[in-house]
Number of protein chains: 2
Amino acid sequence: MTASIFIAMPGNEEAAGALAQAHGATTGQLELRAFPDGESYLRFGTDLSRQMLAIVCTLDRPNDKILSLLFAAATARELGAAKVGLVAPYLAYMRQDRRFKPGEAVTSREVAQLLSNSFDWLVTVDPHLHRYGSLGEIYRIPTSVVHAASLMAGWIRSNVADALIIGPDSESEQWVSTVAKDAGAPYTVLEKIRRGDRDVEISIRNLGDVSGRTPVLVDDIISTGRTMLETVRLLKARGVAAPVCVAVHGLFAADAYEMLIKAGARVVTCNTVRHPSNAIDVHGALAEALKTLRVPAN
Amino acid sequence: MTASIFIAMPGNEEAAGALAQAHGATTGQLELRAFPDGESYLRFGTDLSRQMLAIVCTLDRPNDKILSLLFAAATARELGAAKVGLVAPYLAYMRQDRRFKPGEAVTSREVAQLLSNSFDWLVTVDPHLHRYGSLGEIYRIPTSVVHAASLMAGWIRSNVADALIIGPDSESEQWVSTVAKDAGAPYTVLEKIRRGDRDVEISIRNLGDVSGRTPVLVDDIISTGRTMLETVRLLKARGVAAPVCVAVHGLFAADAYEMLIKAGARVVTCNTVRHPSNAIDVHGALAEALKTLRVPAN
């Protein structure tokens, strides 16, 4: 489908502009601010009547953003929009995908429910699909997914000589092997033992021969960065070349980015979450993913 | 109806305990914390199967709380709760009750929609009903409302000799006259001209004779406190006794409370929002309001 108007939630202006240009569409205006008591004020500055609307909002640090999105979608419908879709370059809440302990909220499902109730379609980049096979298992609306592997591989091919692609764990092997194949580089995966949100142990005994290679650590998300940081330190202790960390989504909780830089790594991310490390552009791929999406007329 | 289990969202433990005691019910456990990336983790520590559940959460500074409530309600249903209700001593987002400018979100309606989709019933204290006649205009679930006027009047009667009740504007007259009648005191209302979120002009030309009286300013919400602060200053300029400010809901945005105290006022609120100024207990009235609520069996 093609959207006729793209509207950025605050901070998503660049993505909305690129998508609008690729679709020969316009960008619309949205004002969002907080009242003194902490409530949100939201106003569309563009006529939405009969428009095919795409709201662009990446969902790092998602809680405030999700409520604003629910307000925006409901308001857009009241204002007469024909369709209201969501482009979320980073889709939050995909990691709580099972009730690990009794009584836990499976927030991936709850968020999918809320967004499916509010939007007609969803386009995103590499959602964290671990226990779900596809977004269709939890989203009741048409979805389209950009796979960033080939874009990441392209960047590695152009910027890193003699790369050795290193994945964080065996679960990532299929994805890591795709990146490596596209990049024309060998790959290996590490072993990871997770003890808590911030406590992860890494083993590099699978590393093999790294002589003359630049290690390129790849992952879908850098959040606390503990996995990558630990790996960077283990690699440095082995005396190999300074590693490159490449991720789709750079969330960089707390001082994650600074710690990686300080440990000697070069850090590169896709521009799904705005950050100084952004070097891989996904906007063109997002525009294409939206074009291939089929949304029923009603 | 009677709830069999009351669960507090963080900060609402005292209210949940009082309500449970009044209903001869138990309190349950809920864990709510933030992951390093800003997502919420939520877990019920109590078996909810076939329970009549009441979640207690006041909604000052509401955005994070609303999303957590939506997660909690959906999870409670998945865990087998028979009914899931909400006790929100302060109900947020009631002031955006009309599209004042084209394109604005009418967030009172959007929040009502979200909560009505998630909960089976709602109990609250004096929601800000200005352009709506009742909660039923926007909430599709059974609701019950505590009117704090008589509790406030009781406090004034016991604590202020020779009170003159002063309402902020003509719209508040009906409510102010009820408080005054119950308190056995005369009343007047001021004129208010609002120019923005923080910019309000007050006229006290309706004040009349205040000699020998203690002015008691009453309002439903103190948010920025600018209205009350301006009135306190005008009264002090007239040389009357130090005024008492009494409100149902003390939100106290930024330094609102400190400014009122500094201006020489005594400030008293109901315990709908936890604050050092709380002096009027609404928990008993909330427990009664819930008992009178009729919720269809399904």
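The model is a predicted one, and the values reported here are computed from its atoms. Of the 298 residues of chain A, 57% count as buried. The mean positions of the 31 positive and 32 negative charges of the chain lie 1 Å apart.

The secondary structure of chain A consists of eight helices and 16 strands. With a radius of gyration of 20 Å, close to the 19 Å given by the globule rule for 298 residues, chain A is therefore as compact as a globular protein of that length. The C-alpha trace spans about 60 × 45 × 35 Å along its principal axes. Among the contacts in chain A with a separation of 6 or more, 61% are between residues 24 or more positions apart.

Helix 5 of chain A, formed by residues 173-183, was examined for its pattern of burial. Its buried residues are A:Val176, A:Val179, A:Ala180 and A:Ala183; because they cover an arc of only 95 degrees around the axis, these residues fall on the same side of the helix. An α-helix has 3.6 residues a turn, so residues three or four places apart point the same way. The cover over the buried residues of helix 5 includes helix 4 (149-159) together with strand 9 (163-167), strand 10 (187-189) and strand 13 (214-222) of chain A. On the other side of helix 5, by contrast, A:Gln174 and A:Lys181 are exposed. Just after the helix, A:Gly184 adopts a positive phi of about 65 degrees.

Technical notes. Residues numbered from 1 in each chain as written. Chains lettered and ligands numbered in written order. Predicted model: local features only at pLDDT ≥ 70, side-chain atom pairs only at ≥ 80, totals over all residues. Heavy atoms only, no water. Helix = DSSP H or I, 4+ residues; strand = E, 2+ residues; numbered from the N terminus. Rg over C-alpha atoms; globule rule 2.2 N^0.38 Å. Buried < 20%, exposed > 50% of the residue type's maximum accessible area, 1.4 Å probe, protein only. Contact = heavy atoms within 4.5 Å. Lys, Arg positive; Asp, Glu negative; His and termini not counted. Charge placed at Lys NZ, Arg CZ, Asp CG, Glu CD. Arc of directions from axis to C-beta.
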